[in-house]
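User: I am new to this one. Please take me through it step by step.

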Amino acid sequence: MSTAEAAHGKPILLFDDECGVCRFIARQVRKAAGNPATATLIIQPIGADPQALRSINPGLDIWAAYATIHVVMPDGTMKLGGEAVAEVLRRLAATAWLAGVFSIKIFGARPFQSMLNMAYTILADVRPLFGCESCGAPAGWLRPFAWLIQSAKPLFGAPRPVPRPPHFSRRKTKEASASF
Amino acid sequence: MQFDAITTLNAAAFDAMVVQANGPVAVEFMSYGCAYCRALEPVLQRAAEVVQAEEKIFRVNIAVEPGLAESYDIQGTPTLVMFRDGSETGRVEGPPPVLADILAYVTQPA
């Protein structure tokens with residue numbers, strides 16, 4: 001590790017700043033972590049510069065960082081997905097007690113950690129339903145729900161969805177951003 | 001990613017490598033946070049390796065270069081814009097992450 005953060009010996013939580021759900025969760029974590037000077041965790045957006053990310057950890061790939069939540073540990077290792085969530089919970093004073101259960105082993109397996117991994121996967125899959133265009137198309141098992149949500153929107157006065165080509169994430173203009 | 005076959009351009013490099021270039025050039029307007037761009041990336045890397053003798057493929061990160069995105073009226077990502085001798089000859093919004101399709105787009109005649 002070569003960044004100033006590494007000198008503080010704090011893990012770095014990287015979050016997807018283009019995803020509203022992720023921004024909301026990062027805000028809550030930041031609030032729970034308290035004063036940045038005394039917090040045991042650094043929370044920072046992934047950003048748009050692959051080189052800057054590699055300066056945090058040479059093994060950190062920006063595509064991978066956007067695909068799955070990453071926590072970069074002070075020793076240079078990385079925790080991903082549910083393991084990263086457990087690490088965040090472990091670092092927050094309010095949830096440190098809960099994080100202990102994810103280390104419990106039963107017959108060599110960590111059932112609570114497995115449940116957390118599954119919960120993270122479900123949350124990651126569900127993000128597009130909350131209007132996160134940058135998160136991609138909903139996973140196959142969620143498409144009926146996505147269809148229902150899209151179909152129900154006009155009933156509540158929301159504008160009909162604008163037809164758009166597949167595999168496409170609409171760019172946020174300044175005007176569009178201002179309306180949210 | 002171990003080897004990047006696609007060079008990322010900033011505005012100054014875009015002018016030199018695309019606008020003032022001779023021959024065909026393809027530019028992917030993308031964003032790292034876009035899941036569709038992530039799906040397309042390995043396919044585009046493969047396409048860049050296949051066509052490297054005849055054509056260059058570049059990327060422009062619209063989060064870093066919003067001015068270029070405005071200039072080329074990029075409505076979303078990924079958008080693949082084809083140029084020949086500095087002039088746009090075609091574009092495709094949200095190309096499917098299929099190598100045959102990408103090769104067809106980037107090698108389409110002007």
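Analyst: One definition is needed at the outset: two strands are said to pair if DSSP finds at least two bridges between them. Please also keep in mind that this is a predicted model.

User: Which residue is the bridge partner of E28(B) in strand 5 of chain B?

Analyst: The partner of E28(B) is L80(B), which belongs to strand 5 of chain B. Strand 2 and strand 5 of chain B pair in the antiparallel sense, over six bridges.

User: And how many bridges join strand 5 of chain B to strand 6 of chain B?

Analyst: Six bridges link these two strands, which run antiparallel. Within this pairing, M82(B) has G90(B) of strand 6 as its bridge partner. Strand 5 and strand 6 of chain B also make a hairpin with two residues between them. In the turn, D85(B) has a positive phi of about 50 degrees.

User: Is strand 5 of chain B mostly covered or open?

Analyst: Strand 5 of chain B is mostly covered, with five of its six residues buried.

User: What is the strand order of the open sheet in chain B?

Analyst: The order is 1-3-2-5-6, in an open sheet of five strands with mixed pairing. Strand 1 (7-8) and strand 6 (87-93) of chain B are the edge strands, each pairing on one side only. Strand 1 runs parallel to strand 3 (residues 56-61) of chain B, and two bridges join them. There, T8(B) has R59(B) as its bridge partner in strand 3.

User: Which strands does helix 2 of chain B lie across?

Analyst: Helix 2 of chain B lies across strand 2 (24-30) and strand 3 of chain B, and runs at about 150 degrees to strand 3. Helix 4 (residues 99-106) of chain B packs on the sheet as well, touching strand 2, strand 3, strand 5 (79-84) and strand 6 of chain B. The direction of helix 4 makes about 35 degrees with that of strand 5 of chain B.

User: Moving to chain A: what order do the strands of the open sheet have there?

Analyst: In chain A, an open sheet of four strands has the order 2-1-3-4, and the pairing is mixed. Strand 2 (42-45) and strand 4 (78-80) of chain A stand at the edges with a single partner strand each, so one side of each is left without a neighbour in the sheet. From one strand to the next, the twist averages 25 degrees. Strand 3 (residues 70-72) and strand 4 of chain A pair in the antiparallel sense over three bridges, and H70(A) has L80(A) as its bridge partner in strand 4.

User: Which strands does helix 5 of chain A lie across?

Analyst: Helix 5 (residues 81-91) of chain A lies across strand 1, strand 3 and strand 4 of chain A, at about 110 degrees to strand 4. Helix 2 (residues 20-33) of chain A, for its part, lies across strand 1 (12-15) and strand 2 of chain A, at about 155 degrees to strand 2.

User: Which residues have the most contacts inside the largest nonpolar core?

Analyst: They are L13(A), F15(A), I43(A), V88(A), V27(B), F29(B) and V60(B), in a core of 65 residues. Helix 2 of chain B gives the most to this core, with seven residues. Beyond its neighbours within four places in sequence, I43(A) is in contact with L13(A), F15(A), A26(A), V29(A), R30(A) and A33(A). As a general point, nonpolar side chains tend to be buried together in soluble globular proteins.

User: How many residues does the contact take from chain B and from chain A?

Analyst: The contact takes 23 residues from chain B and 18 from chain A. On the side of chain B that touches chain A, helix 2 (35-51) of chain B has the largest share, five residues. The residues of that side divide into 14 nonpolar, six polar and three charged. Strand 5 (residues 169-170) of chain A and strand 4 of chain B run antiparallel and are joined by two bridges, with S169(A) standing opposite T77(B).

User: Where is confidence lowest in chain A?

Analyst: Confidence in chain A is lowest in helix 9 (residues 174-178), at a mean of 49, and highest in strand 4, at 96. Over residues 176-180 of chain A the pLDDT is below 50. Where pLDDT is low, the predicted coordinates should not be read in detail. The mean pLDDT is 83 for chain A and 91 for chain B. The model scores ipTM 0.85 and pTM 0.81.

Note on methods. Residues numbered from 1 in each chain as written. Chains lettered and ligands numbered in written order. Predicted model: local features only at pLDDT ≥ 70, side-chain atom pairs only at ≥ 80, totals over all residues. Axes fitted to C-alpha atoms, helices over the stretch in contact; angles between N-to-C directions. Contact = placed C-beta atoms within 7 Å. Nonpolar A, V, L, I, M, F, W, Y, C, P; charged D, E, K, R; others polar. Core = buried A, V, L, I, M, F, W, Y, C linked by C-beta atoms within 7 Å. Buried ≥ 20, exposed ≤ 12 C-beta atoms within 10 Å, placed from the backbone. pLDDT = per-residue confidence, 0-100.
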